[in-house]
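Have the model open in your viewer. The walk below starts with charged side chains and then turns to nonpolar ones.

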Amino acid sequence: MKNERVLRLTLFLILVELLLGGLAAALNRTLVEMPAWHHLGAGAWAAFSRLADLGNGKILYPLAGIGGTASILAAAIAFRFSSRRPWSVALPLYGAVLMAVCGLLLTTQAAPIMLSLPRIGDDPAALKQAFDSFYRWDSIRAVCGALEYCAEIWALVALLSIPVGNQVPAHQNILSSEKS
């Protein structure tokens with residue numbers, strides 16, 4: 001019994017770290033970086049972004065955004081084809097997919113602003129407008145990313161909490177399109 005409690009505590013602490021680390025990663029730019037760039041000015045933000053976001057970020061960000069969305073979507077599709085689909089997993093898993101897709105849709109607004117920085121040059125008014133617009137879209141996207149991450153952890157916990165022999169058959173699941 002004691003060993004089981006230690007393992008549950010270990011799992012809980014790992015999940016807490018994942019949650020805190022994921023939230024920090026999802027909200028870092030919005031809550032930490034952008035306020036600092038606001039104080040330094042749009043020109044400093046643009047110079048940094050041209051080197052970072054339009055440098056290595058040009059490869060990493062699309063890979064993570066598209067790859068992450070494809071992975072959670074694939075997980076939801078695999079789950080949907082399972083003969084057992086408990087509501088406790090479905091709700092957060094499908095919610096994570098929704099937030100991931102919303103994040104990608106919001107990227108269609110934020111990315112063109114970032115990609116316009118080389119064309120804008122050093123015009124202070126244009127840079128200020130780009131900064132403000134990017135900050136707005138990226139902040140909304142960050143909230144979706146944080147919600148997605150929370151939903152993914154919730155789905156993982158729900159999935160790990162279901163004993164294999166006690167899963168709900170699809171014909172008893174509220175999400176199932178099949179009738180008994």
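Which residues are linked in a network of salt bridges? They are Arg29, Asp53, Asp138 and Arg141. A salt bridge here is a side-chain nitrogen of Lys or Arg within 4 Å of a carboxyl oxygen of Asp or Glu. By this rule the model holds 6 salt bridges.

Some ground rules come next. This is a predicted model, in which local features need pLDDT of at least 70 and side-chain atom pairs count only at pLDDT 80 or more, while totals for chains, interfaces and linings use all residues. Residues are numbered from 1 along each chain as its sequence is written, and side-chain values use heavy atoms, with hydrogens and water left out.

Asp53 and Arg29 meet through their side chains at 2.8 Å, N to O. Asp53 belongs to helix H2 and Arg29 to helix H1, so the bridge links distant parts of the chain, 24 residues apart. Helices are DSSP runs of H or I, at least four residues long, numbered from the N terminus. Asp53 is buried, at 7% relative accessible area. Arg29 is buried as well, at 15%. Buried means under 20% relative accessible area, exposed over 50%, and partly exposed in between (1.4 Å probe, protein chains only).

Now compare Asp122 and Arg50. Their closest N and O atoms are 3.6 Å apart. Asp122 is exposed, at 65% relative accessible area. Arg50 is partly exposed, at 24%.

Asp132 is partly exposed at 32%, and Lys128 is partly exposed at 37%.

Turn to the nonpolar side. In soluble globular proteins, nonpolar side chains tend to be buried together. A nonpolar core is a set of buried Ala, Val, Leu, Ile, Met, Phe, Trp, Tyr and Cys residues joined through side-chain atoms within 4.5 Å. The largest has 15 residues, and Trp45, Leu117 and Phe134 have the most contacts inside it. Helices H1 (2-40), H2 (42-80), H3 (87-115), H4 (117-120) and H5 (124-160) each supply at least two of its residues. Another core lies apart from it, with 13 residues, among them Phe79, Ala90, Ala100 and Ala155.

What does Phe134 touch? Leaving out residues up to four places away in sequence, its partners are Arg29, Met34, Trp45, Ala110, Ile113, Met114 and Arg141. Contact means heavy atoms within 4.5 Å. Two of these partners, Arg29 and Arg141, are also in the salt-bridge network.

Cys144 is in helix H5. It is buried, at 11% relative accessibility.

Finish with confidence. The average pLDDT, the predictor's confidence in each residue from 0 to 100, is 91, and 91% of the residues score at least 70. Over residues 173-180 the pLDDT is below 50, and this stretch has 16 contacts beyond near neighbours in sequence. Where pLDDT is low, the predicted coordinates should not be read in detail.
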